[in-house]
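Thanks for asking me to look this over.

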Amino acid sequence: MIPLLAATYQSALHPAGKYAAEIKWLLTVFTIVASVVFVLTFGFFVVSLIRGRRNRMPDATDETARRSAKWVGGALGVTIVALFILLFASVVTGRALSHIYEPTERHVSVIGHQWWWEVSYDGPQADQIVLTANELHLPVGERVIVHLTSRDVIHSLWIPNLNGKRDLIPGKESTIAFQADKPGIYRAQCAEFCGMQHAMMGLVVVAEPKEKFDGWLAAQRMPSRSPVSIDEQKGQQIFMNTSCAMCHSIKGTSAGARTGPDLTHIGSRRTLAAGVISNTRGNLAGWVADAGGIKPGVLMPPNSLTPDELNALVVYLESLK
Amino acid sequence: MTDELLHAELSRTWHKPTGLWGWLTDNHHTTIGLRFIITAFFFFALGGVEALLMRTQLAKPGNTFIGPDLYNQLFTTHGSTMMFLFAVPVMEGIGLYFVPLMIGTRQMAFPRLNVFAYFSYLTGGLLLYWALFSNFGPDTGWFAYVPLSGPEYAPGKRVDVWAQMITFTEMSALAGAVNMIATIFKNRAPGMSLNRMPIFVWGQLVTAFMIIFAMPSVMVASSMLAADRLVATHYFNVAEGGDAILWQHLFWFFGHPEVYIIFIPGTAMLTTIIVTYAKRPVFGYTGMVLALIATGFVGFGVWVHHMFATGLPQIGASFFTASSILITIPTAFQIFAWITTLWHGKISFKPPVGYVFGFMFIFIMGGLTGVMLASVPIDLQVHDTFFVVAHLHYVLIGGAIFPLLGALYMWYPKFTGRLQNDALGWTSFALLFIGFNVTFFPMHLLGLLGMPRRVYTYLDTLGWGGMNFVATIGAYVMGLGVLLYVSNALLSLASGRVAGNNPWGAATLEWATASPPPPYNFLYLPTVRDRYPLWTNAPDQPVVVGVPSDKREILVTKLMDAEPDHLYETPQPSISPFLVSLGSAIGIITAIFTPWGVPLGFVLVALAMVAWFWPKPPHKELLEEQP
């Protein structure tokens, strides 16, 4: 009853791709074998308690020992057979899963930061590389190899609906592959303890049909939209002239810092603060003004802007679809 | 000499000093053992309170009861406490108390080393809690992965405190292990050949060897980390050619055997409980011993299953899958042997039997989820999630804490001379058993439903609130169970029925003497002729004669068959172990702040060592050659 209340978009029990489905199958096999072993062993134990309680006196003769040895030997034999079945099932699944690393066209890079994900898609030219954050888009039915590394401490990328996890380790590159077979929005969360806000390091995974995905990618390749309204223009000026530009980049402007997430298309993202709050005007304003109030310990400093300035800045950022 | 005269003389010889001075100098193994146990339970209580605070925070999504900084300190301290300050020391303390009694001697091989081990342990624990209560407790997990715990991402002194706490407790564990091995090998009662040793003693022996091989790895690792932080070495600094994964190998090469260091004494206690209350010899003694030894060996070949997610070559990972599955076989044998023993026994249903029931239910389940974790694909889904939190508590609480609580109930009359209240004993067991399962069972599902470990809170929309709330209620029920268990023990100190030497009709030698044991343990040092001396010894079983009662002498016997070899005079109470401990403590704690702590510590320890090893005038009458 209670498990039904849990959401299904961050769950290993609700696979949306074939790797997660393979693992779920293996998990089912293990669970069934384990349940049988548990019921048998614990059943024998309970019977031994009942018998041991009824016995008039302990029985430790050689004859009993010989008979018991057969039983124990048999039980041990069954255990070993069960373990071999599990080992075999595990190796078979492991081999099936190892195909996911065969070469493919589609590559994405994910770089871990305290406490957000930098996501980048290669482009035909350097200025067409897509840089985004905390949102991973995948075309449905296509295998995607994700290259992982970290800029600071060890993180771990885990999209339970699609596959197991893989660590992001500074100084090393590792890879993992995903294939989403059902379109939908899934959620990932950092799985390796990475400091103060480990709990609030989420990633939105959008699996969409290929045409939609291509459209999204093409839009993301574009430089940022130029400010139009007065507020947007004012907002851009504030962005460039305050501390924002020291950490963030907006493609098509002079802001090119890589410390914080790229904001070229921040208006198109679903969430803020690494999958923690939804991307609404109020949340954005609150985040810009005092990120630490939402995620204590976050590396983004608070900004003392007047309400007008804050409003203009938020209007500008929102316009960056 | 009559019994009364002998008693008077032995009491004089083995007199326990009292007062503060006595507390600092007394080296009786029972005193030190009991002190280890009580101190460990003190830290257990603190670790339990930390767990309750964390469970309270997690009871509902987005809770603000405690913030991330404190939460991270709490889970780090909880893990470090339960592993380093509770589980290992309490098992060691019980070994220190009972091994000499079980093998029929009067003292450990190196009594002063015991004193040193205790004070090192105590200092390490106090250091950690001083830091926590001053709000600079370590906050990078009990595993302290680099680079998060390195100088760049963990400024301040929090991790240094953790690293030095490791130094203290591991030093203590190593000292205890060496002592345990020497005692078991050389101080057994005549006739107690290796194949007649109680299983409990075997468990302590295997554990001691595991400590000797496992602990240096974490001491080296934590010292390298401290050096990285204090004097800018670059062992783990990726930017300077160091390696972040090296830490994980060193840590888990210790970390996984550590689990068995806790679990093996637990199973050995379980055997003791079962034999005592089923009133028959354990089925398959040789197999049981081999199972313990096999677990001890294979336990060193499974550490990489903590690191599957780092991305290892598949062949390497398969090896560790196979070894992790293999390690279940010796434990499966033990479980079948216990069932057989009970099947043909005559069980008297006392609360310790409840804990056997708890062990079977909880540990078997934990062992089976352990097999799941050995499989790389499954592990990659559930690694670092609440599934693993559930698994590890099922194996450690089920496999070690339940046997421990059962065994302490069984041995309580030996410690105190009194029996506990059985009704309270059963009630506290029931609360612990139900509370445990209510707390930890839902966590399996939480992990599969995507909840990672070590999170101070979670989003409402993920729907984990219900099961977390249930788990929190379970945690409080467990807390109540512990409270009742301790109350029963405290109340029975004064009001329990007087127990006599052997209230359960048990078979091993610790029950052959008064409860609590006199400072000299046995009026006449016993001999044995099989594994269950109190069940089978003839009324005229010979005792050891010729051990002087006016000196603290013990009989040293040969390793294999325990034939008498020679007499050995154990040291009087002295302050020198405490001074060595104090000197090393000053050095180690100073080294948190400046590298000068290291030479300072060397000098202080060297001076104290001079006092420790100052030669004593030889006895006038040199000992005669023994037969």
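**A loop alanine, and notes on the rest**

1. Let me begin with A:Ala273, which sits in the loop of chain A between β11 (271–272) and β12 (277–278). Its phi is positive, at about 60 degrees, although the residue is not a glycine. Please bear in mind as you read on that this is a predicted model. Is A:Ala273 buried or exposed? A:Ala273 counts as buried because its relative accessibility is 9%, and the cut-off for buried is under 20%.

2. You will find B:Ala562 in the loop that runs between β1 (553–557) and β2 (564–569) of chain B. With a relative accessibility of 1%, B:Ala562 counts as buried.

3. Two cis peptide bonds deserve a look while you are checking backbone geometry. In chain A, the bond from A:Gln114 to A:Trp115 is cis, with omega near -5 degrees. A:Trp115 belongs to the loop between β1 (107–113) and β2 (116–121) of chain A. In chain B, the bond from B:Val146 to B:Pro147 is cis, and its omega is near 0 degrees. The loop holding B:Pro147 lies between α5 (111–133) and α6 (158–186) of chain B.

4. Next, please find A:Thr64, in helix α2 (residues 62–98) of chain A. A:Thr64 has a relative accessible area of 2% and is therefore buried. Which residue does the side chain of A:Thr64 meet in a polar contact of 2.7 Å? The partner is the side chain of A:Asp59. Setting aside neighbours within four places in sequence, A:Thr64 is in contact with A:Asp59 and also with B:His344, a residue of chain B.

5. In chain B, B:Phe86 is part of helix α4 (residues 68–102). B:Phe86 counts as buried, since its relative accessibility is 2%. Not counting residues up to four places away in sequence, B:Phe86 touches B:Ala40, B:Phe41, B:Phe44, B:Thr81, B:Ile401 and B:Leu404. For a sense of distance, B:Phe86 and B:Ile592 are separated by 506 residues in sequence and by 23 Å in space, C-alpha to C-alpha.

6. Now for chain A as a whole. Its secondary structure comprises 8 helices and 12 strands. Why is chain A described as more spread out than a compact globule? Its radius of gyration is 27 Å, well over the 20 Å that the globule rule gives for 321 residues, so chain A is more spread out than such a globule. Along the principal axes, the C-alpha atoms of chain A fill a box of roughly 95 × 40 × 40 Å.

7. Of its 321 residues, 53% are buried. Taking contacts in chain A between residues at least 6 apart in sequence, 65% join residues at least 24 apart. Chain A exposes about 14,200 Å², with carbon and sulfur atoms supplying 62% of that area.

8. Chain B is built from 19 helices and 2 strands. How does the radius of gyration of chain B stand against the globule rule, and what value does chain B have? Chain B has 25 Å, which agrees with a compact globule because 627 residues would give a value near 25 Å. The box filled by the C-alpha atoms of chain B is roughly 80 × 60 × 50 Å, taken along the principal axes.

9. Buried residues account for 66% of its 627 residues. For contacts in chain B between residues at least 6 apart in sequence, 80% join residues at least 24 apart. Chain B exposes about 21,100 Å², and 72% of this comes from carbon and sulfur atoms. There are 29 positive and 31 negative side chains in chain B, and the centres of the two sets lie 8 Å apart.

Note on methods: Residues numbered from 1 in each chain as written. Chains lettered and ligands numbered in written order. Predicted model: local features only at pLDDT ≥ 70, side-chain atom pairs only at ≥ 80, totals over all residues. Heavy atoms only, no water. Helix = DSSP H or I, 4+ residues; strand = E, 2+ residues; numbered from the N terminus. Rg over C-alpha atoms; globule rule 2.2 N^0.38 Å. Buried < 20%, exposed > 50% of the residue type's maximum accessible area, 1.4 Å probe, protein only. Contact = heavy atoms within 4.5 Å. Areas by Shrake-Rupley, 256 points an atom, 1.4 Å probe, with all protein chains shown as cover. Lys, Arg positive; Asp, Glu negative; His and termini not counted. Charge placed at Lys NZ, Arg CZ, Asp CG, Glu CD. Polar contact = N/O pair within 3.5 Å; in protein donor to acceptor, adjacent residues only side chain to side chain.
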